[in-house]
Amino acid sequence: MSALRGAVIGCGFFAQNHLKAWGDIAGAELVAVCDLDPAKAAAAAALTGAEAFTDVDAMLAAARPDFVDIATTMETHEPLVAKAAAAGADIICQKPFAPDIAGVRRILQTAEAAGIRLMVHENFRFQSPLIELRRAMPAIGEPFFAHIAWRTGYDVVAGQPYLAKVERFILLDLGIHVLDVARFLLGDVADLYARTQRTMPGARGEAQATMTLRHRSGAVCAVTCTYTNRIDPDPFPQTLAEIEGRDGTLRLERDYRLELHRPGSLEVRDIRPGVPSWADPQWALAQGSVLNTQQHFVDCLKSGAEFQTSGRDNLKTFALVEAAYASAASGQPVVPEA
Ligand SMILES: NC(=O)c1ccc[n+]([C@@H]2O[C@H](COP(=O)([O-])OP(=O)(O)OC[C@H]3O[C@@H](n4cnc5c(N)ncnc54)[C@H](O)[C@@H]3O)[C@@H](O)[C@H]2O)c1
């Protein structure tokens, strides 16, 4: 089968990882890159060898890609999905799909009405240490408790200045990843309780969120996220986790130390991620997960298999974000809408 022809829309901060990863994806080639900013489009074209565009309509008409990779910020996703879907292109789109769940539902309807395939670029569950953690879970028996922690003081606003201005901050930007990891590890959620705190001076929205999830399996999971931890050295961008089951406990500790505790025994494995040829070793965790996410997208397009993180699946993760905001506002547990 010939390579699928792809186009990246939005060549900003995080798209640099997408652009570099596309060069390593089996079964796809990048034929077009598009950014409103001509300098960013030209730089992306120089990096990838694809043709540069500054207008999406012109790009879709000229390049006629099989798929588009939308790497712009969330406010632009809905109109860009509509244009790509009308052009018959399958879509992988960065998280969050939209600023709120109504927007997510409209995006799903647009894709489904056009008969194109839609996946969210939700890369955390494609991080190799989290894949290893899930693979190790049968050894602890039925899980009944977990703590998934994202606690950093890394200056995320420096790379993404728009984050300081948003009303919905860490839950929509980062909590969405960690809540998706909770679903990946423990399944769907029956209800959720959340507290949020505005802990970052100069940021409009909450920089800290603490949640308790009750999964449909009966397992309870604490999901904690902060951008204002004063820890040194900082674990950014690692997610740490502890899962307790009937027969043992798994701990994903700093620097990719995976511990399996069972009565009378402790097994330790180093599960640090591999470094793609184009990656910076410091960012191999994130960059490798981008590679895995994009390869999953192409593999599923080719095989016809369901995406792990299809638009419909991601609606359930997005519903947890909405439930967390609603719970923080009401002080009550909330049943997610999807
Ligand atoms: N998965 C992750 O780990 C991760 C990390 C960082 C950012 N992100 C996500 O990536 C997305 C992009 O964030 P960013 O920080 O790279 O943003 P950014 O502002 O740096 O880049 C967005 C780019 O899109 C371009 N753009 C906007 N509208 C366009 C249009 N109509 N046509 C063509 N180009 C257009 C802008 O000119 C800009 O260059 C966000 O949704 C963010 O949440 C994900």
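Helices, as named in these legends, are DSSP runs of H or I with at least four residues, strands are DSSP runs of E with at least two, and both are numbered from the N terminus. The structure shown in every view is a predicted model.

**View 1. Arg64 in the loop between helix H3 and strand S4.** Helix H3 spans residues 56-63, strand S4 spans residues 67-70, and Arg64 belongs to the loop that lies between them. Although Arg64 is not a glycine, its phi is positive, at about 45 degrees.

**View 2. The shell of residues around the ligand.** The ligand is surrounded by 24 residues, and the closest are Phe14, Asp35, Lys95, Asn123 and Tyr162. When the shell is sorted by class, 10 residues are nonpolar, 10 are polar and four are charged. Two helices, H4 (77-86) and H8 (170-186), each contribute at least two residues to this shell. The ligand lies between domain 1 (4-116) and domain 2 (125-285 + 316-330), because both domains give residues to the shell.

View 3. On its own, the ligand has 860 Å² of accessible area, of which the protein covers 85%.

**View 4. The second largest pocket and its lining.** This pocket has a volume of about 150 Å³. Its lining consists of Leu108, Ala111, Glu112, Ile116, Arg117, Leu118, Glu306, Phe307, Ser310, Gly311 and Arg312. Helix H5 (101-114) and helix H10 (311-330) are the elements that supply two or more residues to the lining. The largest share, three residues, comes from H5. By class, five of the lining residues are nonpolar, two are polar and four are charged.

**View 5. Two cis peptide bonds, at Pro233 and at Pro237.** Asp232 and Pro233 are joined by a cis peptide bond with omega of about 0 degrees. Pro233 is located in the loop between strand S10 (220-226) and strand S11 (240-245). A cis bond also runs from Phe236 to Pro237, and its omega is near 0 degrees. Pro237 likewise has its place in the loop between S10 and S11.

Definitions and conventions. Residues are numbered from 1 along each chain as its sequence is written. This is a predicted model: local features need pLDDT of at least 70, side-chain atom pairs count only at pLDDT 80 or more; totals for chains, interfaces and linings use all residues. Side-chain values use heavy atoms; hydrogens and water are left out. A residue is near a molecule or strand if one of its heavy atoms lies within 4 Å of it. Accessible areas come from the Shrake-Rupley method with a 1.4 Å probe; for residues, only the protein chains shown count as cover. Ala, Val, Leu, Ile, Met, Phe, Trp, Tyr, Cys and Pro count as nonpolar, Asp, Glu, Lys and Arg as charged, and the others, Gly among them, as polar. Domain bounds come from an automatic or database domain assignment. On a 1 Å grid over the protein atoms alone, a cavity is a set of points where a 1.4 Å probe fits but cannot get out, and a pocket is an open set with protein on both sides within 12 Å along at least five of seven lines; lining residues have an atom within 4 Å of a point. Grid points are joined across faces, edges and corners, and a volume is the space filled by probe spheres set on the points.
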